[in-house]
Amino acid sequence: MSLLSLNNVTIRFGGLTAVDTVNLEVKQGEILALIGPNGAGKSTVFNLITGIYKPTEGEITLAGKSLAGVPTHKVAEMGITRTFQTIRLFTELSVLDNVKIGAHCSGKAGLFHALTRVPGMKREEAEITEKSLEALQFLDLVGKREELAKNLSYGEQRRLEIARALVSKPKILLLDEPAAGMNPQEKVVLMDMIRKIRDTGITIFLVEHDMKLVMGISERIAVLDYGKLIAEGLPQEVRSNKAVIEAYLGSGKFKSRIRR
């Protein structure tokens, strides 16, 4: 069953077409990877889904509901959360407080309640803390909840970002180059974490350049080149697709990258 749909989605920046009539379905409960050379438009697709950009043409829907005109924070409330290429943490705050910030987006208490600390606000804050600790436990970070985010290792900071995105219990999690900067051991941990997240029922849609990771965890792969979707299918199908190989430097380097 389709959870997220992109229907003829196009965005232009002046005379540049960054994403060109893309049609893509993200199925409930799957791990889908979006790959392509640098500048292909992958992160732009994520920015369109999350409301940072508005499509010039086409429509994006979540569970049949249009995301047209929906602001970013409302997209998160509807069930789409994400991480970014570059780590975006509050480095001077604790690990726990970073995750609690992610949970507050789904909170119901208003400014008055927050300032007066009425019972309803106290209950909500306790619930947010509990949810945040659960997310940290799931990502094996609960033991570092009181540490400042800046003191975590690079791989742990990446996982902290994922924990913050997970705390609101999204329907779909967008991971933008989650393995960037990680060493091989950290990538193995990340792959296990992504599988664990999917096994809870959360759909995973990731952009990634590490082909070994992509081929190791993805159930389907879509390929962008110059903003156009040039291939879509099972990993073994994409691996042997001539258009995909040509897009990656026009040689056999693509195959050698995914076999390493």
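1. Lys 144 counts as partly exposed, at 29% relative accessibility (buried is under 20% relative accessible area, exposed over 50%, partly exposed in between; 1.4 Å probe, protein chains only). The model is predicted: local features need pLDDT of at least 70 and side-chain atom pairs count only at pLDDT 80 or more, while totals for chains, interfaces and linings use all residues. Residues are numbered from 1 along each chain as its sequence is written, and side-chain values use heavy atoms, with hydrogens and water left out.

2. Lys 144 forms a salt bridge with Glu 156, with 2.6 Å between the closest N and O atoms (a salt bridge is a side-chain nitrogen of Lys or Arg within 4 Å of a carboxyl oxygen of Asp or Glu). The pair links distant parts of the chain, 12 residues apart: Lys 144 is in the loop between helix H5 (119-138) and helix H6 (154-166), and Glu 156 is in helix H6 (helices are DSSP runs of H or I with at least four residues, strands are E runs of at least two, numbered from the N terminus). Glu 156 is buried, at 14% relative accessibility.

3. Asp 176 and Arg 82 form another salt bridge, the closest N and O atoms being 3.3 Å apart. Asp 176 belongs to strand E7 (residues 172-176) and Arg 82 to strand E6 (residues 80-82), so this pair ties together parts that are 94 residues apart in sequence. Asp 176 is buried, with a relative accessible area of 2%; Arg 82 is also buried, at 12%.

4. Within helix H2 (residues 72-78), Glu 77 and Lys 74 are 3 residues apart, about one turn of the helix. They form a salt bridge whose closest N and O atoms are 3.5 Å apart. Glu 77 is partly exposed, with a relative accessible area of 44%, and Lys 74 is partly exposed at 37%.

5. The structure holds 14 salt bridges. Glu 30, Arg 220 and Glu 232 are linked in a network of them.

6. The buried residues of H7 are Glu 186, Leu 190, Met 191, Met 193, Ile 194, Ile 197 and Arg 198. Seen down the axis of H7, they fall within an arc of 165° (taken from the directions from the helix axis to the C-beta atoms), so they line one face of the helix. On the other side of H7, Pro 184, Gln 185 and Asp 199 are exposed.

7. Just after H7, Gly 201 takes a positive phi of about 105°.
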